[in-house]
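Morning, everyone. I have one structure to show you today. Have a look at it, and then I'll talk you through it.

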Amino acid sequence: MRIIKDLHTHTTYSHGLGSIEDNVKEAVKRGLEVVGISDHGQGHLGFGIKAGALKSMREEIDLLQEKYPQIRITLGIEANILGRDGGIDVTTEDRRLLDYVLCGYHFGSKPGKWARDLPIHLFNLLNRWTGGFEKKARALNTESVVNCLMNHQIDVLTHPGAKGPLDMLAVARAAEETGTLLEINNSHGHLTEEELRVCMKTGVNFIIGSDAHTPGDVGKHEEALNRVIRVGLPLERVVNLREDSL
Ligand SMILES: [Zn+2]
Ligand SMILES: [Zn+2]
């Protein structure tokens, strides 16, 4: 069993360590059919791409595509969910440059509206540090994620549950309705086995993402695949897995 595409990889445009070409080279080496570059949206205060970066990335990818015809190179973004209304940091203009949109919740993102949305970060951090406030954090996270999926065209929800608790059944139902894939992230441990078991009850589909921050991690999927196998998720529900042809 192998993965044929990895849509979740970072580069020096945000806080990855390698260039786009470094990621492409590794993807070719691993025999992937598609590699995606998905750096953090501008709304991330620490790691977000700079204004105008998407245009440069698009140009760079179009040139690299000519140099590496054996693989499809695509441009995405890991958008940030900014608030309870599900707002994200991707504009209509950005979308013209993008092939796909990943989206996830991150602590370092700028709240859409400070008074309304700062509590999301606060309750998640309090929950992480003290183990309390879980109910409040879960309610705010779930509201944000479900609104995001319902109001925007999102291809993949990244690492659900990794940064704060979610009502996984509600999220999976929304993702099923909107045709959004839930990511089984190879680096973050989410979806966990327990979360996968909940999501499997719905008709939602999944994708494995390496979330590589160094070129050597592009295409890595073994941890995620182990979780898939352990919970007995039918492999055809993971859209980027293929049987080895040997
Ligand atoms: Zn992320
Ligand atoms: Zn990421």
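Let's start with contacts. This is a predicted model. Take the contacts in the protein with a separation of 6 or more: 74% of them come from residues 24 or more positions apart.

Next, the overall build. There are eight helices and nine strands. What does the radius of gyration tell us? A compact globule of 246 residues would come out near 18 Å. This protein has 17 Å, so the value agrees. Along the principal axes, the C-alpha atoms fill a box of roughly 50 × 45 × 30 Å.

Of the 246 residues, 52% count as buried. The protein exposes about 11,100 Å², and carbon and sulfur atoms supply 52% of that area.

Charges next. Count 29 positive side chains and 34 negative ones. The centres of the two sets lie 4 Å apart.

Last topic: aromatic rings. How many aromatic pairs does a search of the whole structure find? Two. One joins Y105 and F107, edge-to-face, with 5.9 Å from centre to centre and 90° between the planes. Y105 counts as buried, because its relative accessibility is 12% and the cut-off is under 20%. F107 has 25%, so F107 counts as partly exposed.

The other pair is F123 with F133. Their ring centres are 5.8 Å apart, and the planes meet at 50°, so this pair is tilted. F123 sits in helix α4, residues 114-130, while F133 is in the loop between α4 and α5, 10 residues apart from it. F133 is partly exposed, with a relative accessible area of 45%.

Terms used:
Residues are numbered from 1 along each chain as its sequence is written. Chains are lettered from A and ligands numbered from 1 in the order in which they are written. This is a predicted model: local features need pLDDT of at least 70, side-chain atom pairs count only at pLDDT 80 or more; totals for chains, interfaces and linings use all residues. Side-chain values use heavy atoms; hydrogens and water are left out. Helices (H or I, at least four residues) and strands (E, at least two) are DSSP runs, numbered from the N terminus. The radius of gyration is taken over C-alpha atoms; the globule rule is 2.2 Å times the number of residues to the power 0.38. Buried means under 20% relative accessible area, exposed over 50%, partly exposed in between (1.4 Å probe, protein chains only). Contact means heavy atoms within 4.5 Å. Accessible areas come from the Shrake-Rupley method with a 1.4 Å probe; for residues, only the protein chains shown count as cover. Lys and Arg count as positive and Asp and Glu as negative; His and the chain ends are not counted. The place of a charge is taken as NZ of Lys, CZ of Arg, CG of Asp or CD of Glu. Rings of Phe, Tyr and Trp (its six-membered ring) pair if their centres lie within 6.5 Å; planes under 30 degrees apart count as stacked, over 60 as edge-to-face and the rest as tilted.
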